[in-house]
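Here are my notes on this model, jotted down as I went through it. Have it open beside you while you read.

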Amino acid sequence: MTRGNPDLLWTPETLAARMKADPRLLVLDTRFAEQYAMGHIPGATACDVWAISFHDTRPGFAEAFLYTLQHYLEIRGVTLDRPVCWYSDFTDLKAARGFWILDYFGHEDVHVLDGGYNAWVAAGMPVTRDAVPPTAAVLTPRPRRERLATVDDVRAALGRSDTVLVDTRSDDEFLGRLVRGPRAGTIPGSVHLEWLRSVDEAGRLLPEDRLAAQFERLGVTPDREVIAYCQGGYRGAHTYLALRRLGYPAVRNYLGAWLEWSRRADLPMEDPTRRRDPERPDLP
């Protein structure tokens, strides 16, 4: 039985039908500019969100970052009352980042092409090199504060049984074998599930039963608030998308992520290799 929010993810056939039925639908291509130039979905607008990052979520700083995003999306024609579908090469972290941004901004009709451009091409859908200049619009966000986790939110969640932190980085990052910040380790108490484990061999999000099982095995259940994080807020956004697809009611993306946390000497960290119980399911 289908549960959650299956309409968040569209197949190539669904996207093609929606584009035909609604000319207002805005399709946003998050790939690099050179990829877009070599071929894209007809009518899609280039909207690479990769370079727009921020790693300081103290009061005032996050608001400035989100204002930058608001302006970036406005000049690409995004409004809250215009349907949006994001895509990348596959159902990856860039498309998920776009989804999280608009979900946080209060958009009610935002989607991701499951399998991305690769799935579109594999389905025999048309592609083009022609680009249509976007028409700027006015985007007036209605922020859902409960979709964003700041450093203070994460610190307040430490040790709470009703909240679970999900570290979505690679095994090597989680275990400290690959250090990408001032300190190695993880936020205390975090469970670990690398974001790539939520996609299949074709680059689509896993079927809902498999997706739900891997989260529930780690204690990431719908009755708990979930805060996902990674190094810079992109892989965490992918896990956010996966959990929103499953219908989890309380999910946040920690925007500052490990890069912010590890820079703060006043914040605790944990070395997961010192966890003594070999049966802990969150260890790789």
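The points below go through strands, a helix pair, the cysteines and one arginine.

1. Ground rules. This is a predicted model, so to speak of local features I need pLDDT of at least 70, and side-chain atom pairs count only at pLDDT 80 or more, while totals for chains, interfaces and linings use all residues. Residues are numbered from 1 along each chain as its sequence is written, and side-chain values use heavy atoms, with hydrogens and water left out.

2. Strand E5. Helices (H or I, at least four residues) and strands (E, at least two) are DSSP runs numbered from the N terminus. E5 covers residues 110-113 and has both faces covered: Val110 and Val112 on one side, His111 and Leu113 on the other, all of them buried. Buried here means under 20% relative accessible area, against over 50% for exposed and partly exposed in between, using a 1.4 Å probe and protein chains only. In a regular strand, side chains alternate between the two sheet faces.

3. Neighbours of E5. Strands count as paired if DSSP finds at least two bridges between them. E1 (residues 9-10) runs parallel to E5 and is joined to it by two bridges, with Leu9 partnering Val112. E4 (residues 84-87) is also parallel to E5, over three bridges, and here Trp86 stands opposite Val112. From E4 the chain goes through helix H4 (residues 93-105) to E5 in a right-handed β-α-β crossover; that is, with the strands pointing away from the viewer, the path from the first strand over the helix to the second runs clockwise.

4. H3 against H4. What is the angle between H3 and H4? It is about 105°, with the axes of H3 (residues 61-74) and H4 12 Å apart. Axes are lines fitted to C-alpha atoms over the stretch in contact, and angles run from 0 to 180 degrees between N-to-C directions. That makes the two helices roughly perpendicular, a label used for 65 to 115 degrees (under 35 is roughly parallel, over 145 roughly antiparallel, the rest oblique). Phe65 and Leu69 are among the H3 residues that meet H4, whose side includes Ile101 and Phe105; contact is heavy atoms within 4.5 Å.

5. Cysteines. With a disulfide taken as two cysteine sulfur atoms within 2.5 Å, the count is zero. Cys85 has its nearest cysteine sulfur, that of Cys47, 13 Å away, and is buried at 0% relative accessible area. For Cys230 the closest one is also in Cys47, at 19 Å, too far for a bond; Cys230 is buried at 1%.

6. Arg245. This residue lies in H9 (residues 235-245) and is buried, at 11% relative accessible area.
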